[in-house]
Amino acid sequence: MAAKLPFFIAMAVLSAIAVQGETDFQVGDHSGWNLGVNYTTWAEGKQFKVGDTLVFRYDPRYHDVLAVGGADFKSCNTSANGMSRTSGKDVVTLTAPGRKWYICTKGKHCESGMKLFIDVVAQTEAPAPSPTGGEGNSANAISSTYLAAVVIAFLAMVVMQ
């Protein structure tokens, strides 16, 4: 059994990494990056983490994507510094935590609501404290990632015996 211990530890670590994986977010879901979509509503309730990707799908004849700063986002400054993405299927990997802003620079699209603001969190961010301020439910204290890793490692032990 002692010889199998490194195998089980490796399985637990790999399982934790696999369960935690990155998420590909199609901006606007089935509507894509287009006029008439409320991107504030679309982003609500989603947690964007470092390593996740945003996929902007749109018709490049009519739209583009430009990453901007907060002031340029607010004022829809379409002449902001930066390179406009124009492929129609732009994949943006979120590489650092913090606020991110994206706009369409075509016509008055930004002013019409074609703009996206998100907060990106670090991949290893600790869970938020319980709303009651107390110890909370002990089931919530165990990260689902590590719980999954333990379950997979346990199943591997059972299978290997």
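Residues are numbered from 1 along each chain as its sequence is written, and side-chain values use heavy atoms, with hydrogens and water left out. Because the model is predicted, local features need pLDDT of at least 70 and side-chain atom pairs count only at pLDDT 80 or more, while totals for chains, interfaces and linings use all residues.

The protein contains five helices and seven strands; these are DSSP runs numbered from the N terminus, with helices being H or I of at least four residues and strands E of at least two. Read from the N terminus, the order of elements is α-β-α-β-β-β-α-β-β-β-α-α. Of the contacts (heavy atoms within 4.5 Å) between residues at least 6 apart in sequence, 72% join residues at least 24 apart. The protein has 161 residues, and 30% of them are buried; buried means under 20% relative accessible area, exposed over 50%, and partly exposed in between, with a 1.4 Å probe and protein chains only.

A disulfide is a covalent bond between the sulfur atoms of two cysteines. In this model it is assigned to a pair of cysteine sulfur atoms within 2.5 Å, and the structure holds one. It joins C76 to C110, with an S to S distance of 2.1 Å. The link of C76 and C110 is left-handed, at -75 degrees about the S-S bond. C76 lies in the loop between helix 3 (70-75) and strand 5 (89-93), and C110 in the loop between strand 6 (98-103) and strand 7, so the pair ties together parts that are 34 residues apart in sequence. Both C76 and C110 are buried. C104 is buried as well, because its relative accessibility is 0%. The closest cysteine sulfur to that of C104 is in C110, at 8.2 Å, which is too far for a bond.

Strand 7 also contributes to the second largest pocket, giving five residues, the largest share of the lining. A pocket is an open set of points on a 1 Å grid over the protein atoms alone, with protein on both sides within 12 Å along at least five of seven lines, where a 1.4 Å probe fits; lining residues have an atom within 4 Å of a point. The second largest pocket holds about 210 Å³ of space, a volume being the space filled by probe spheres set on the points, which are joined across faces, edges and corners. Of its 15 lining residues, Y39, T40, A43, F117 and I118 are the closest to the centre. Helix 2 (39-43) and strand 7 (115-121) are the elements that give two or more residues to this lining.
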